[in-house]
Amino acid sequence: MEIVQATEEHLDRYADQFVDLVWETGPASYGYQFDGRELFDLMIKAAWRVPGTLYSYDRTTLALDGDELLGLELGYAGPEFSPRKKALGGLWGPLLESGEVTMERLNLLAERAYQCKYLNAVIPSSVYYICALAVEEPLRGKGIGKKLVDHAIERSKQAGMRGLHLDVLSDADAVGFYRYLGMHCLAQVVAPIPHENGVPMEMRMALNFN
């Protein structure tokens with residue numbers, strides 16, 4: 001197995017698998033915000049191809065066994081989060097023009113995303129933020145996720161970051177994994193309307209570097 005930075009050469013080969021893996025990191029939250037998979041798949045697949053967006057290949061690290069994608073880590077320094085999130089807005093125009101997305105569905109997404117944004121605590125400028133960490137289900141428990149996190153930690157330290165943060169839904173199996181890695185919970189947040197519609201409490205977990 002090797003840990004590599006995603007490049008343009010990976011775009012077509014792993015696009016569908018990338019979308020599936022990102023979805024697995026928060027199906028309840030993503031399902032509510034995007035009203036299911038269709039809109040989610042369109043947006044994440046488009047963002048994967050565009051540098052500077054929240055879900056771009058340019059900040060994605062891949063765990064590969066030959067040409068097989070085992071898992072991924074997507075993250076960046078804290079100050080990058082906000083501009084990368086705003087950059088997603090530029091992807092909707094082509095989708096609207098093509099008819100793949102209607103304004104009605106886009107307005108629903110905007111309303112639900114506004115409700116859910118309060119689930120995420122502020123990301124300090126001095127930390128590295130993992131937006132998505134996922135391993136293919138049959139391969140979990142084999143140390144792939146840890147190797148991806150270790151790689152992110154090393155890269156963060158080299159960049160002068162003081163710690164690592166991530167958000168995880170409280171009902172996810174990954175909570176135990178992050179605690180095993182030595183991470184602790186800084187905040188527990190519930191957004192009332194999403195919570196009433198099946199979105200669990202969100203946990204901000206952190207690892208401080210010595």
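Predicted model: local features only at pLDDT ≥ 70, side-chain atom pairs only at ≥ 80, totals over all residues.
**View 1. Elements that cover the buried residues of helix α3.**

**View 2. The buried residues of α3.** Six side chains are picked out here: L39, F40, M43, I44, A47 and W48, each of them buried in α3. These residues lie on the same side of α3, because the arc they cover around the axis is only 155 degrees. Buried here means under 20% relative accessible area.

**View 3. The length of α3.** Helix α3 takes in residues 37–48, which is 12 residues. At 1.5 Å a residue the helix should span 16 Å, and its end C-alpha atoms are 16 Å apart, so the two values agree.

**View 4. The whole protein, for context.** The secondary structure comes to 9 helices and 7 strands. Taken along the principal axes, the box filled by the C-alpha atoms is roughly 50 × 40 × 35 Å. A compact globule of 210 residues would have a radius of gyration near 17 Å; the protein has 17 Å, which agrees.

View 5. Of the 210 residues, 47% are buried. Among contacts with a separation of 6 or more, 74% are between residues 24 or more positions apart. The accessible surface comes to about 10,400 Å², and carbon and sulfur atoms account for 50% of this surface.

Methods:
Residues numbered from 1 in each chain as written. Heavy atoms only, no water. Helix = DSSP H or I, 4+ residues; strand = E, 2+ residues; numbered from the N terminus. Expected span 1.5 Å × (residues − 1). Buried < 20%, exposed > 50% of the residue type's maximum accessible area, 1.4 Å probe, protein only. Arc of directions from axis to C-beta. Rg over C-alpha atoms; globule rule 2.2 N^0.38 Å. Contact = heavy atoms within 4.5 Å. Areas by Shrake-Rupley, 256 points an atom, 1.4 Å probe, with all protein chains shown as cover.
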